[in-house]
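Dear colleague,

I am handing over the structure below, together with some notes on its side-chain contacts. Please read them alongside the coordinates.

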Amino acid sequence: MSKVWITGTAGMMGSHLMEMLEAEGHDVLGTYFNPTMDLCELDGHAIEQVDVTDWCSVYDSLARFRPDKIFHLAAQSYPTVSWDRPAETMMINVVGTINVFEAVRRLDLYPRIVVACSSAEYGAVGEDEVPVREDRELKPLHPYGVSKVGQDLLAYQYNQSYAMDTIRARIFNCTGTRKTSDAISDWTRRVVKLENDPTQSALKVGNLDTRRAIVDVRDLNRALMALAESGQSGEAYNVSGDTAYLMRDVLDTILDNSLREDIEVCQDPALMRPTDEKVIWGDTTRLKADTGWRQSIPISETISDMLEYWRRKDAPRLRDLASRPSTLAA
């Protein structure tokens, strides 16, 4: 079995990937810096704090562990944040990637490196271009997308210049338990809050008329693991769901699985984006041909799991509130 080093382990994708690799018997060291999930959920796993923007932090961790495989997932991953903090986004995503590659090179390590790139690299894609292929021109529309193009091309450049064994995984919409700040995680969490608050019934939403190809985090990680085993060195691969769902239908599925039947959906102008891609959907022909990967988890199962996750997360808080003495006068 392999020694596997993961950056960004304290996020949805990295935490699930670590668990899946450990279940297969691999020796895994997960690294993190700014967690987007509760670190308590990683108790019992081998994790350490590594700042990818700090050369010494990256070098020292790799020098100690000397992995056979690397999954580089650490990133500032929110396009909206990248507008407010473009320099920080570039530092984490681009300089952080350089630090990983340079540490590998100077340590004379020869791992396979799977780099988590993004569908945001393609920018606005016309409906006549979907599902979009890997050879489509990259035209990112925000600093986050530009930073992901930087990661992508660095992986290609180090492959060509130094024969570094890199794989570029262009990841499309992915969700699952532990996810934060996407539509499905937001909706499922707020629906669970409404299940526990009978005084409220409104669920405010933005644009429901876009289409998104959505893949469960477990299917996504199976794709990353398959690429680590049989992807072509230096190549770029889309990792996407097979179906572009209308987000209105996705929300209906969430509501159908809710414990309440009276939730009222209200469109909020404040949640409408000035530009919102009509459809995001990637062609996975190359991925399937080279690895045999297939999407296996239906969106209904993903949604059910996410609702149950938030119910479990909220249960201790609700029990704590219920156990507090009343402050109302008798």
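Arg190 is partly exposed, with a relative accessible area of 23%, where buried means under 20% relative accessible area, exposed over 50% and partly exposed in between, for a 1.4 Å probe and protein chains only. Its side chain meets that of Asp186 in a salt bridge (2.9 Å, N to O), a term that stands for a side-chain nitrogen of Lys or Arg within 4 Å of a carboxyl oxygen of Asp or Glu. Asp186 is likewise partly exposed, at 34% relative accessibility, and both residues lie in helix H6, four residues apart, about one turn of the helix. Helices (H or I, at least four residues) and strands (E, at least two) are DSSP runs, numbered from the N terminus.

Before going further, please note that this is a predicted model, in which local features need pLDDT of at least 70 and side-chain atom pairs count only at pLDDT 80 or more, while totals for chains, interfaces and linings use all residues. Residues are numbered from 1 along each chain as its sequence is written, and side-chain values use heavy atoms, with hydrogens and water left out.

The structure holds 27 salt bridges, among them one between Arg178 and Glu19, whose closest N and O atoms are 2.9 Å apart. Arg178 lies in the loop between strand S7 (174-175) and helix H6 (183-195), and Glu19 in helix H1 (residues 12-23), so the pair ties together parts that are 159 residues apart in sequence. Arg178 is buried, with a relative accessible area of 10%, whereas Glu19 is partly exposed at 25%. Both residues belong to a network of salt bridges that also links Asp38, Glu41 and Lys313.

As for the aromatic side chains, a search of the whole structure finds five pairs, a pair being rings of Phe, Tyr and Trp (its six-membered ring) with centres within 6.5 Å, and planes under 30 degrees apart counting as stacked, over 60 as edge-to-face and the rest as tilted. In one of the pairs, the rings of Tyr158 and Tyr162 have their centres 5.2 Å apart and their planes at 45°, so the pair is tilted. Tyr158 is buried, with a relative accessible area of 6%, while Tyr162 counts as partly exposed at 41%. Ring pairs link these two tyrosines and Phe101 into a cluster.

The charged end of Arg105 sits over the ring of Tyr162, 4.7 Å from its centre; the criterion is that NZ of Lys or CZ of Arg is within 6 Å of the ring centre and within 35 degrees of the ring normal.
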